[in-house]
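Subject: Structure handover

Hello,

Here is the structure for your files. My notes on it follow below.

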Amino acid sequence: MNIKGIFFDVDGTLICHDKGRMSAATEAALYALQEKGIRLFLATGRHINELVELQIDFPFDGYVLLNGQLCLDHQRQVIFSNPIEGKDKERLVHLFTSCAFPMVIVEKERLYINTVTDQVKRAQKAISSTVPEVAKCHDQPFYQCTAFIDEQKTHQLARELTNCVITRWNPYGVDIISKQGGKDKGIQAMLAYFGMNAQETMSFGDGQNDKEMLQYTKIGVAMQEADPMAKKAADFVTKSAKDDGIVYALKHYGIL
């Protein structure tokens, strides 16, 4: 199996929130992969500041952040960026400013929320993260919004935003990014930077926002507790994160 690069989702994939961090077995596997010369990348909806909070200090070769909207190299320098723009940006700013519902705006350097509710607290606790700071919207480019809304409001918002896509990351909230974005687009930019192609890659994920990534890479692996859309897109369904599903899949394919 000629795999030269592997992309990992974070929540529910690298990180099991029952444990609160990456397992020792998974971390050991990552170092073993690097010793074999395989490049390793994160592909997540998270902001780089949140990775610090999650104690992810492994030396990855690159970071596909905010569902592919912002890509950084190992020195945290920008490789690719795709902010939300136009009328959709204006609509999201209005919703944020009017506090229509709890909402996070994610810029390159920071992320902040308009209001905090019990739903927000539950959602953040479920992903082992603190609640973002409450702040006013600034006239800066932003790459993603997180809305803490139910399915009905999600469908309504999808009708209002003509150039964005919405994916749910847990029962409490959804991510909103440009329709021209996605983890697959971020991976494409990362591979171009490193002179690699998709036929040499593998990916691991568990959410709706991982579907395109799992389809784009040569091998897509969904975790045992993954969203049905992710499982359908995957080539293989492995064990759960708490049972070191990444290690299990790497051994299944003979990569370790």
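There are 11 aromatic pairs in the structure, where rings of Phe, Tyr and Trp (its six-membered ring) pair if their centres lie within 6.5 Å, with planes under 30 degrees apart counted as stacked, over 60 as edge-to-face and the rest as tilted. One of them joins Phe58 and Phe60: the ring centres are 4.9 Å apart and the planes stand at 65°, so this pair is edge-to-face. Phe60 and Tyr63 are also edge-to-face, because their planes are at 70°, with 6.2 Å between the ring centres.

The model is predicted, so local features need pLDDT of at least 70 and side-chain atom pairs count only at pLDDT 80 or more, while totals for chains, interfaces and linings use all residues. Residues are numbered from 1 along each chain as its sequence is written, and side-chain values use heavy atoms, leaving out hydrogens and water.

Phe58 has 2% relative accessibility and therefore counts as buried (under 20% relative accessible area; exposed is over 50%, partly exposed in between; 1.4 Å probe, protein chains only). Phe60 and Tyr63 are both buried. Arg76 lies over the face of Tyr63, 4.9 Å from the ring centre (the criterion is NZ of Lys or CZ of Arg within 6 Å of the ring centre and within 35 degrees of the ring normal). An aromatic cluster is formed by Phe7, Phe41, Tyr193 and Phe194.

Helix H9 spans residues 245-252, and its buried residues include Ile246, Val247 and Leu250. Helices (H or I, at least four residues) and strands (E, at least two) are DSSP runs, numbered from the N terminus. Just after H9, Gly254 has a positive phi of about 75°.

Regards
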